Amino acid sequence: MPTAIAVTGAGLALPPQDERTVPAVVLQDVDRRPLEQVLGEMQALVEQHGHVIVVSPQDVSPGVGRRLHTVRSLLESDRIALFRPALPPLGLAVLARQLRQLASCDLGPGVLASAGRLLTHYIHAGALLGSVARLDHVPVGLKSHAKSWVPGSQFGVVAHPEPQLVRIAPGAALTGPDFGTSLVVAKGQLASDWVTGTLAPSWKVQGVREVPLPAESPGWWGTGKVTEFCAFLPDLSVLYQLVTSVRRSACHWCGIEVIGDRCVFCSATPPVHDDHPGLPSGTGDRSGPGHRARREPTRNRRTLTG
């Protein structure tokens, strides 16, 4: 079975991008259901899929965050990755879907989990807002705050990869990706004409698709008058090439194969070899996880299916 990709809300489980996209596992109300029920659900996922990658917002509610860490600790499992990228809700949902696309490929769970950090750099996420008075995730100047109280004002905002904010007027533009992307749009209590009629052509997107607005979006953007958008790489072949072009290594703590400098499953970073006088070479601080007995790298690879 492919590695399970779980999300913490139904709005973060976008429709499949293609026929190979594996379904998302929705961990609904993990902070409200009995602990035993959530624990059993997660244990069943681990037993069925081998590894589970849970994608949730960086500012997920404290109750949900604590419950996920509690479940992981009680299961004493290093096969559960808790991944919380700094993306707005629609961008997070797009990233989770990209991981669901890659889950069908011959990528080990450590590489797949690490791929989330890599693919985040290729996501351009923003929104059309009717007010920026309560926008906390993007810097807002005093002038923009004042203009947000003018009836009918609208603002174009990019939250990732670099913050941008413009008041919608003739000639207003947002800098977009310099590579080919598709655009997904989620409309709230605001017309999406500027996004589809002005932004999409200026970003030269290859296609536009509309999806329901995630339930988390109004709270993240500070207003229900929002149309959220996200430009992303849609093709599985491109995603796969990006991920497989990065050098892989075995995590020195849990032994799983990863890319990058941090293991998403055990959070270990490469050890710093600080040799001290009078100590054998390589004998440094033994307080970190890197000095636990090293395991053999996990070998759980699947082939590409037709």
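## Lining of the second largest cavity

The residues that line the second largest cavity divide into 2 nonpolar, 3 polar and 1 charged, where Asp, Glu, Lys and Arg count as charged, Ala, Val, Leu, Ile, Met, Phe, Trp, Tyr, Cys and Pro as nonpolar, and the others, Gly among them, as polar. They are Ser 56, Gly 65, Leu 68, His 69, Leu 82 and Arg 84, and helix H2 (residues 62-75) gives the most to this lining, with 3 residues.

About 30 Å³ of space lies in this second largest cavity, and the structure holds 2 cavities of 30 Å³ or more. A cavity is a set of points, on a 1 Å grid over the protein atoms alone, where a 1.4 Å probe fits but cannot get out, and lining residues have an atom within 4 Å of a point.

## Sheet and helices

An open sheet is formed by 4 strands in the order E2-E1-E3-E4, with parallel pairing. Strand E2 (25-26) and strand E4 (80-83) stand at the edges with a single partner strand each, so one side of each is left without a neighbour in the sheet. Strand E1 (residues 4-7) pairs with strand E3 (residues 52-55) in the parallel sense over 4 bridges, and Val 52 in E3 is the bridge partner of Ala 4; strands pair if DSSP finds at least two bridges between them.

Helix H3 (residues 89-102) packs on the sheet, touching E1, E3 and E4 (contact means heavy atoms within 4.5 Å), and its direction makes about 165° with that of E1.

## Basis of the model

This is a predicted model, in which local features need pLDDT of at least 70 and side-chain atom pairs count only at pLDDT 80 or more, whereas totals for chains, interfaces and linings use all residues. Residues are numbered from 1 along each chain as its sequence is written, and side-chain values use heavy atoms, with hydrogens and water left out.

Definitions and conventions:
On a 1 Å grid over the protein atoms alone, a cavity is a set of points where a 1.4 Å probe fits but cannot get out, and a pocket is an open set with protein on both sides within 12 Å along at least five of seven lines; lining residues have an atom within 4 Å of a point. Grid points are joined across faces, edges and corners, and a volume is the space filled by probe spheres set on the points. Helices (H or I, at least four residues) and strands (E, at least two) are DSSP runs, numbered from the N terminus. Axes are lines fitted to C-alpha atoms, for helices over the stretch in contact, and angles run from 0 to 180 degrees between N-to-C directions.
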